[in-house]
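Please look at the sequence and the three-dimensional structure shown here.

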Amino acid sequence: MTLAIKNLSVKYGPVQVLSRVSFSLSNGEVLCIIGPNGSGKSTLIKTLAGILEPCDGNITLDERDISKISKNEVAKKIGYVPQDFQFLTSASVLEAVILGRRPHVQWSLSRSDLAKVDAAMEMLNISSMAQKMLTELSGGERQRVFIARAIAQEPDYFLFDEPTSALDIRHQIDVFQMVKKIAGSKTRSVLVAVHDLNFAYHYADRVILLDKGEIVSMGTVDEVMTEENIISVYGVPMQFITTSSGRYVFPDWVRAEEHTGKLQK
Ligand code: ADP
Ligand code: MG
């Protein structure tokens, strides 16, 4: 089973923001998308989630053209967690997670649907908030609700757009361990846009480096996240260190400031 993307291009009005993007997501893999702000990560994920229409190229889900598959069937296969939640309805936490079961439900929720909702809420540590309204939660709590909704949906392909941007470090690690576990089942895969390069270093099986709407590099962490690639795309001097627990990257503050100073002169 594969989600395959071929020569995908996307425009907002006349402005092209993704150009000829091709890759595929196979079973059991965590594929991280990295790239600076505005490089097209969210646009790519939204297009795969069926929210935006490509102007060129195609997407196939298990070898079938996605545009020819019913929305409900796609929703059983692809679960999407957006970067920001603009459309907050007056729903409770429980109602929001229950919505994850909607593609599977004919008339009413079965006991097994509710058990899946409960399990997803347990997993994200939000069971105690079940009756709270979404508007009463912190940004991080809300982010966990939408991740729980995708888990309850039981899709084959998860699309996470910066799922940890509002989370504290404990919950960030928990979410990435969960991502690893989802892919570890070997029947599911995760495409995840990440802001913090260190999570890509530690959790990605493969990485896509996007810049200005194009794939600059794609491959294993070691192939893609080289000092040369990272520094050239982000335009900031970085320090790379390898410890017994893996490789880390962080900006070199002093040189980064000098660098900006030079650009401003
Ligand atoms: P990323 O997620 O990597 O930060 P996005 O996919 O959100 O990048 O944005 C890619 C480019 O498309 C940016 O230049 C952004 O300004 C532009 N863009 C994003 N959303 C819209 C929109 N709704 N209308 C017009 N331009 C957009
Ligand atoms: Mg984004």
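This is a predicted model: local features need pLDDT of at least 70, side-chain atom pairs count only at pLDDT 80 or more; totals for chains, interfaces and linings use all residues.

Residues are numbered from 1 along each chain as its sequence is written, chains are lettered from A and ligands numbered from 1 in the order in which they are written, and side-chain values use heavy atoms, with hydrogens and water left out.

The protein chain contains 10 helices and 12 strands; these are DSSP runs, numbered from the N terminus, of H or I with at least four residues for helices and of E with at least two for strands. Its C-alpha trace spans about 65 × 40 × 35 Å along the principal axes. Of the 265 residues, 46% are buried, where buried means under 20% relative accessible area, exposed over 50%, and partly exposed in between (1.4 Å probe, protein chains only). Among contacts with a separation of 6 or more, 64% join residues 24 or more positions apart; a contact means heavy atoms within 4.5 Å.

One open sheet consists of 4 strands in the order β2-β1-β4-β5, with antiparallel pairing. Its edge strands, β2 (15-26) and β5 (64-65), each pair on one side only. Two strands count as paired if DSSP finds at least two bridges between them. Strands β1 (residues 2-12) and β4 (residues 56-61) are joined over 5 bridges, and Leu3 has Leu61 in β4 as its bridge partner.

Helix α9 (residues 227-234) has Asn229, Ile230 and Val233 as its buried residues. These cover an arc of only 95° around the axis, so they lie on the same side of α9; the arc is that of the directions from the helix axis to the C-beta atoms. The face turned away from this buried side carries the exposed residues Glu228 and Ser232. The elements against which the buried residues pack include β3 (30-34), α7 (197-203) and β11 (238-243). Just after α9, Gly235 takes a positive phi of about 65°.

Which residues supply the protein donors of the magnesium ion (ligand 2)? They are Ser42, through OG, and Gln83, through OE1, at 2.1 to 2.3 Å from the ion. Because Ser42 lies in helix α1 (residues 41-48) and Gln83 in the loop between β6 (78-81) and α3 (93-98), the pair ties together parts that are 41 residues apart in sequence. Ser42 is buried, at 18% relative accessible area, whereas Gln83 is partly exposed, at 30%. Donors are N, O and S atoms within 2.8 Å of the metal (3.2 Å for Na, K and Ca); water is not among the atoms, so sites may look incomplete.
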